[in-house]
Amino acid sequence: MDSIEIGLWVTGGLLVLVVLGMRVAFAAAFAGVVGLIWIFWSRKGYDASELGWAMTVAIKTAGQVPHGKVASQALSLIPTFILIGYLAYYAGLTKALFEAAKRWIAWVPGGLAVSTVFATAGFAAVSGASVATAAVFARIAIPEMLKVGYDRRFAAGVVAAGGTLASLIPPSAILVIYAIIVEQDVGKLLLAGFIPGVVSAFIYAGLIIILALTIKGFGPPVTGFTWRQRMQSLPPALPILAVVVIIIFFVYNPFGGDAWGTPTEGGAVGAFIVFLMALWHGMRWPELKDALIETAKLSTMIFAIIWGVLIYVRFLGFADLPGAFADWITSLDQAPMLTLIMILLAYAVLGMFMDAIGMLLLTLPVVFPAVMALNGGPFVTAEESAFGMNGTMCAIWFGILVVKMAEFCLITPPIGLNCFVVAGVRPDISVQDVFRGVMPFFLADAVTIATLVAFPSIVLWLPSLA
């Protein structure tokens, strides 16, 4: 049995473990270690006396992964981005943001739901975690929508879907993870996510307005706010804009010249500023402790998944499965764009059974080289490429597409994590009701993905300026 066959058997076993319910971190680490033992033992002809040697080498190889990869400076962005979100909640920025959105937007059909979408988009700009965004607005927005007569299922669905915008709009933890796995520039990827995230928010809002116009009593507009009240709502929400500007300026200096700092430094400065705002708004030790504990919990979960999956990735390197998959993809007798669409559809199916981060970490080591080969390789020029862009831009474009697919997976049954979070915060709304409420947003996500595939410039314009 050659290394490719071993890779396929171990990967199949990993998928079985995940489907059976084992956590992705543990399943990937276990599969990776077993695969490494198998690979090394096969090189000794399966000699029984060499099994101990194979196990020793495999465990040492796997043991180098956690520190060697996770010590990367870029990964320090993840806890700072998550901390920004939790501190912003305790600073009262989320309530101020929702109130401003309500006063300015709620007069349109489906106004409160549309306000919720744009408020979640604004909060996503200071929170790198979709789960945190969904949890925060489940407390703030759902009661407001229920007061004016929204269906509880749709109200919950709006919050769950709106929370996914944190995956694209920078700062985004999942974009950082993508950048680390495929070894691309974190700053350019964060810039690339901004316009697609805004486009996705507008498509969500358009869907809500259409539903409100076609279904009687679906989402009554909320009126009665004076221009003075609207203007008064802006100053409390402006700190959100300030934090976003600071982070973007650190990533990309719009005045020309070198950037003001690294994305990691930008995230740290943003967290410090939001911390000062939270203190100014009355945050005390109990609230700070809760923010730190929630940040630690979510960061630990993400890092545990990264550790486990990177052990599996190390095994894939020895098995040469990514290279074999790339060769197979490029040998298909069909248009490269059709192959890319099939890959995105496969992500939609896989996301029904895996969480977003685990799905990307498990698949990218194999899929990313294949997509790059499909375009013509990492060093191809735009003129010679299949998708009309050079290798660097293709990596960024595919990253935004695959992260948008990960957003989609956050609301698809039976694993959709955002839906479980909303149901957990609102015990009066069942998980089944939340899943029913997000169904209209499947169509909106499909339109968004099709738009990004058809018009890559939406993704690539900002990174091209950098």
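Reader: Let's start with a side chain: which residue does Arg103 join through a polar contact of 2.8 Å?
Author: First, a heads-up: this is a predicted model, where local features need pLDDT of at least 70, side-chain atom pairs count only at pLDDT 80 or more, and totals for chains, interfaces and linings use all residues. Residues are numbered from 1 along each chain as its sequence is written, and side-chain values use heavy atoms, with hydrogens and water left out. A polar contact is a pair of N or O atoms within 3.5 Å; within protein, one must be able to donate a hydrogen and the other to accept it, and residues adjacent in sequence count only if both atoms are side-chain atoms. The side chain that pairs with Arg103 at 2.8 Å belongs to Glu99.

Reader: Where is Arg103 placed?
Author: Helices here are DSSP runs (H or I, at least four residues), numbered from the N terminus. Leaving aside neighbours within four places in sequence, Arg103 is in contact (heavy atoms within 4.5 Å) with Phe225, Gln229, Arg230, Gln232 and Ser233. Its place is in helix 6 (residues 93-105).

Reader: How many residues of helix 5 are buried?
Author: Buried means under 20% relative accessible area, with a 1.4 Å probe and protein chains only. The buried residues include Leu77, Phe81, Gly85 and Ala88. Helix 5 is largely enclosed by the rest of the structure, because the buried count out of 14 is 11.

Reader: How far apart are the end C-alpha atoms of helix 5?
Author: Helix 5 covers residues 77-90, and just after it Gly92 takes a positive phi of about 80°. The expected span is 1.5 Å times one less than the number of residues, so 14 residues should give 20 Å. The end C-alpha atoms agree with that, at 20 Å.

Reader: Which residues have the most contacts inside the largest nonpolar core?
Author: A nonpolar core is a set of buried Ala, Val, Leu, Ile, Met, Phe, Trp, Tyr and Cys residues joined through side-chain atoms within 4.5 Å. The largest one has 174 residues, and those with the most contacts inside it are Ile78, Tyr347 and Phe398.

Reader: What separates the centres of domain 1 and domain 2?
Author: Domain bounds come from an automatic or database domain assignment, which divides the chain into domain 1 (1-71) and domain 2 (74-296). Taken over C-alpha atoms, the centres are separated by 40 Å.

Reader: Is Met389 buried or exposed?
Author: Met389 is found in the loop between helix 18 (356-375) and helix 19 (391-409). Not counting residues up to four places away in sequence, Met389 touches several residues, among them Asn375, Trp397, Pro456 and Leu460. Its relative accessible area is 4%, so Met389 counts as buried.

Reader: What about Glu407: which helix is its place in?
Author: Glu407 is buried, with a relative accessible area of 0%. Not counting residues up to four places away in sequence, Glu407 touches Thr164, Leu165, Ser167, Leu168 and Ser200. Its place is in helix 19.

Reader: How many disulfides does the structure hold?
Author: A disulfide is a pair of cysteine sulfur atoms within 2.5 Å. Take Cys409, buried at 3% relative accessibility: its closest cysteine sulfur, in Cys419, is 12 Å away, which is too far for a bond. Cys419 is in no disulfide either, and at 0% relative accessibility Cys419 also counts as buried. The structure's disulfide count is zero.

How values were computed. Helix = DSSP H or I, 4+ residues; strand = E, 2+ residues; numbered from the N terminus. Buried < 20%, exposed > 50% of the residue type's maximum accessible area, 1.4 Å probe, protein only.
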